[in-house]
Amino acid sequence: MSSGLAVLCLLLLLTGAQGFGILPGDSLNHLEITERAILDTAVQVCHALAQAEGTDFSFPTQPYTAKSVAVACGAPKSSKSFRQAIFFITVMNVRVDIRHALNASFHFDEEMFVQGRKIITEGLLAIKANIKQENFEAARQKLGEICHPTQDFYSHSNWVELGNKVPNANLIRSDTSIGNIADESRATCRNCDGDNCTNNILEDVIEGQILTSGYFGIVPLVSTKPKGKCSHGGAVDQTSTIEPKGGINKDTFSASHGHLHTAAANLAIAATSELLQNIRLDAGDRPFLQMIGISKRSSKALCFVIDTTQSMSEDIDAVKSVTSSIINSEVGTEDEPAAYILVPFNDPDVGMLVKTTDSTVFQTVINGLSASGGGDEQEPSLSGLQLALMSAPPNSEIFLFTDAAAKDKQLKSTVTALIERTQSVVNFMITNSSALNRRRRRDARQLSSRISASDAQLYTDLAQTSGGLAVEVSKSELPEAIGIITESSSSSLVTLLQAARNPGEADDFTFIVDETVTDPRVHITGRSVRFTVISPTGESQQSGDSTGSVITASTSVGNFITLRLKKQSGRWEVRMVSADPYTLKVTGQSPVDFLFDFVEASQGPMGGFDVLDTRPRAGVNSSLLVSLTGSDTATLTEVALVELSGSGEIRGVVETQDSGNFLVLFSMIPSVEFSVRVKGQNVSGTSTASEVFQRQFSTSFRSSNLTITADSNSILTPGTPYTVPFSVMTNGRGGNFTIRATNSRSFDSTSPTSLILEAGKDVNGTVTLTAPRNTPSGTDLTLTIEAEAAVGGDTNYIMLRISIINPLTDFTEPRCELIQLQANCSENCSMSTWDLSVRVTDGADGTGVDRVSLQKGNGTLNTSLDAGNENVTLVSYSASCCDADVQLQVVDRVGNVGSCFYTNREGSQSAQSSSTCVRQSLLLCLNTVMLGLLLMTQLGLR
């Protein structure tokens, strides 16, 4: 790399450091490094897209936020999904310090350079394969995991001390040398001079550009290291007291080499950006942005689970009509679903799942549905719902249509667990039969004789857990009911209040409408319900009033009532009166919302908090990590765990964290079903005064006295048995506990069906499963392990997301061979053109060329397969002579990326020779430099 380019890269790092707020005394952590790199890369990708599409792009103001970047990218409604993706990726990064604290490979400790790079490159392969299969959640999980060692390399090794000013690009390439790694017998450090470790790395190591890292151990009298080796350093590291004493880590300003913390942090940001750019080059700009949560479509899927037995013919016709209406109203908008999913079910089987991003294809499949079969009174509705929940992305919207009770009620706990983890909303559309069908009923009131109270309650319970509705209507009323629900649904839908009462009782409910909320609505399900709505000014309107100033519109269909409220900020009240069970939900449209995870304090040496993959433990203290979305001025003032079917609530203590997060500490978790409600202050619009906002999470949760733990390599190789050890413990009554292990792909698996537990003691088990050899690389799999008590019904679960990846044998990027370059350029360049023909190959042992695209150039590009060899892609390019240069990006099927440059400039050798294949590291640094220069321009820097 030229010295000039190195200087430019360093310049960007320094200006980036200022942009990322690295000031003396303020150490940067993994969470902040990862977030800044994602925000920075997103800006670059969106700017490049705008240039390619010929649209304007305005750089957001520094420091970047998820909201400002989403707006700059032309996808303001993606603010929440973008923030959610960043939140998840950073949490997965931080988890490495908790789950793999003593695994040196994950931190490049103990000179584990080859092993650490293997974690990164294998993870990179999985991410690229996941994105190709549109399994974005799996890609985000693995991205968080490999960001951690990528960043630790610069803090834990001596890369900075060796004088390097740019990242080590070979960390993301498995076919190159990382550097000159120190032999195990080679001494690398001397004792620090007291607390001063500035010069403890040996001079011959520095002069010879020898790569080393510190050793680390936490067990007194046992921890050791080879003679003469450096230690990590710090109070926890027991090897730092063994000669040579001290350490070399740069984790914070107070660390052994804290004087280099800024340089290490800057390189970590640049290296994370380079990693993201590598993924982007393989995936393409739009899929990359979708992976990090930015899209001009909704991040949710629209999913229909449909009973196709004979009695459902009218329902299917209604679904066809409503589907067409939904698609026509949402295509091309930010509310257009990310995917469309159909799960038909009949008796005895669940049909083939259809998943597509093409609305026309989905409409065709829906229109092809027909009713047949059946014959008994129950259908496998929960099996269909289980498949939908396993296949849809998180936070999706699912509609289940049936006129029968569930014959697979034993799946209720499994489906409940899936709802809690995916946080998807499930609406049950339950109909009676017309006079033409075998399930004939005179009116909707007789539905309960067709589906018993307990059967109907099962659907109501699941809807309530998901934040959805269980709507009971006649078949003729079904289109109207679906229309009401979908009309108010969008990517900016927020929940202000959610409650249920069973048995029914009179109760008063309050909620706050803030200035950012539009289209506030009240949704009620239940029979014989009376209500009074009171506005912030004291005006009221009752359910029996035909007119009023509080409710602007109301609709009642079956057991479902929806009210549109006038837009008025302040505290509202709804007074409910009914002896029958009912549910109450208040929604609106607003950019301001929140995300959260249950977390627990780590018992490991690094401390911190780990996100729970299970239900929280009942009756003991617990914590939530909360993040606000859609506002850069909002702050959190109150978080409460609210009983869904009662008036009880537990309020937590809010502590502000880095990057706009809040840690909330609770003295105990409720023993009944509960939801999370937050309140805060926000400055909206042009006003400088803050106002109170209120939001409630739509999904409800449960606690448990059972604890399940499991951890396994998140990459599965097809055809190879994959084992997942797990342990179960009860803090309650011991006994025989049922164990269920299910996976989303229905792969063959073995596991214990029961375990005998004693209170307070772990009992181990193992799940073994195998993916067929022909499983496509990038397929994701969700493994759910459940434990259920024989007495009392206490259940808990753990869910693991696993990527199925075929072993990689192709490490070489595709190559370009010049066939012909013909330039007939005149003095008036705009009146003439030049043409280029290129042959692109991936070599005899390669996986094949996946795509060829323009990285630079404004001409016309065409590609085709060679008729005599499908492993060869023929490229033709034609451009104006005024546009003299072209750079092709060539990508193979496993994500190796090459770049080929040609020019028609007179006297240039490139016009007569084969392409110049540019290494990724140089390309990425050039891209980064260009972004840095653009940012400097925006910031007025020279």
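I looked up Glu-134 and found it in the loop between α5 and α6. Helices are DSSP runs of H or I with at least four residues, strands are E runs of at least two, and both are numbered from the N terminus. This is a predicted model: local features need pLDDT of at least 70, side-chain atom pairs count only at pLDDT 80 or more, and totals for chains, interfaces and linings use all residues. Residues are numbered from 1 along each chain as its sequence is written, and side-chain values use heavy atoms, leaving out hydrogens and water.

**Backbone**

I noted a positive phi of about 60° for Glu-134, which is not a glycine. Most residues other than glycine have a negative phi, and most peptide bonds are trans. Glu-134 is partly exposed, at 40% relative accessible area (buried is under 20%, exposed over 50%, partly exposed in between; 1.4 Å probe, protein chains only). Gln-209 also has a positive phi, near 50°. I then checked the bond from Glu-243 to Pro-244: it is cis, with omega near -5°. Asp-347 and Pro-348 are joined by a cis bond too, with omega about 20°.

**Aromatic rings**

I searched the whole structure and got 23 aromatic pairs. Rings of Phe, Tyr and Trp (its six-membered ring) pair if their centres lie within 6.5 Å; planes under 30 degrees apart are stacked, over 60 edge-to-face, the rest tilted. Phe-108 and Phe-153 are edge-to-face, 5.2 Å centre to centre, with 80° between the planes. Phe-108 sits in the loop between α4 and α5 and Phe-153 in helix α6, so the pair ties together parts 45 residues apart in sequence. Both Phe-108 and Phe-153 are buried.
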